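Q: I'd like to learn how to read a structure like this feature by feature. Can we walk through it together?

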Amino acid sequence: MVIMKHILFDLIDCPFELLDDKEHCQLALQIASSESKSKLLDLGMHKFEPQGVTGYALLANSHISIHTWPEKGIAKGDIFTCSDVCEPHKAVEYLKKQFKAKKLTSDSFDRIL
């Protein structure tokens, strides 16, 4: 039996400039993948106009995604890992620091395979 983890998270009261920076979001997801002890396979990013970024990190054992609303100071995302060795909570904590969020809310779900 494998216990998979799925975390939905909100980063609240983040600086506009970090949430609107495509390169910052990409690097944050790249390092968050490592922090979760996951193997990164691919990154995808899209910069919206006039603001906002959506991105994902495709992992060998699932994914991390993030969607930003700079005008509201919020990022929402999720991380799903399907390996007992992964530590997705570490990725979420890392993202909180990288986006300088004053508040983090999250829901964590165990999913069994």
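Q: Let's start with contacts. Which residues does I64 touch, not counting residues up to four places away in sequence?
A: Keep in mind that this is a predicted model. As a general idea, a contact list that skips sequence neighbours shows what the fold brings together. For I64, the list runs L29, A32, S33, G55, Y56, A57, L59, D78, I79, A91 and L95.

Q: S33 turns up there. Where is S33 placed, and is S33 buried or exposed?
A: S33 sits in helix α2, residues 22-35. S33 counts as buried because its relative accessibility is 0%. Read from the S33 side, with neighbours within four places left out, the contacts are S38, L40, A57, L59 and I64.

Q: How do I read a nonpolar core, and which residues touch the most other members in the largest one?
A: The general idea: in soluble globular proteins, nonpolar side chains tend to be buried together. Here the largest nonpolar core has 24 residues, and L11, L29, I64, L95 and F99 touch the most other members. Two or more residues each come from β1 (3-12), α1 (16-19), α2, β3 (53-59), β4 (62-69), β5 (74-81) and α3 (88-98).

Q: Pick a strand residue. What does V53 touch, not counting residues up to four places away in sequence?
A: V53 lies in strand β3 and is buried, as its relative accessible area is 1%. V53 touches L19, D20, D21, K22, C25, M45, H46, K47, F48, I66, H67 and T68.

Q: How many disulfides does the count come to?
A: In general, a disulfide is a covalent bond between the sulfur atoms of two cysteines. The count here is zero. The closest cysteine sulfur to that of C14 is in C25, 9.8 Å away, so the two are too far for a bond. Both cysteines are buried: C14 has a relative accessible area of 7%, and C25 is at 0%.

Q: How many salt bridges does the structure hold?
A: Five. One of them pairs the side chains of D20 and K47 at 2.8 Å, N to O. D20 is in the loop between α1 and α2 and K47 in strand β2 (residues 40-47), so this pair links distant parts of the chain, 27 residues apart. D20 is buried at 17%, while K47 is partly exposed at 24%.

Q: Which residues do salt bridges that share partners join into one network?
A: K37, E87 and K90. The K37 and E87 side chains meet at 2.6 Å, N to O. K37 is in the loop between α2 and β2 and E87 in the loop between β5 and α3, so this bridge ties together parts 50 residues apart in sequence. E87 also pairs with K90, at 3.0 Å.

Q: Last one, the surface. Which residues make the nonpolar surface patch of about 350 Å²?
A: M1, I3 and I112 make that patch. M1 lies in the segment before β1 and counts as exposed, given its 75% relative accessibility.

How values were computed
Residues numbered from 1 in each chain as written. Predicted model: local features only at pLDDT ≥ 70, side-chain atom pairs only at ≥ 80, totals over all residues. Heavy atoms only, no water. Helix = DSSP H or I, 4+ residues; strand = E, 2+ residues; numbered from the N terminus. Buried < 20%, exposed > 50% of the residue type's maximum accessible area, 1.4 Å probe, protein only. Contact = heavy atoms within 4.5 Å. Core = buried A, V, L, I, M, F, W, Y, C linked by side-chain atoms within 4.5 Å. Disulfide = S-S within 2.5 Å. Patch = residues over 30% accessible without salt bridge, like charges linked within 9 Å, V, L, I, M, F, W, Y side chains within 5 Å. Areas by Shrake-Rupley, 256 points an atom, 1.4 Å probe, with all protein chains shown as cover. Salt bridge = Lys/Arg side-chain N within 4 Å of Asp/Glu carboxyl O.
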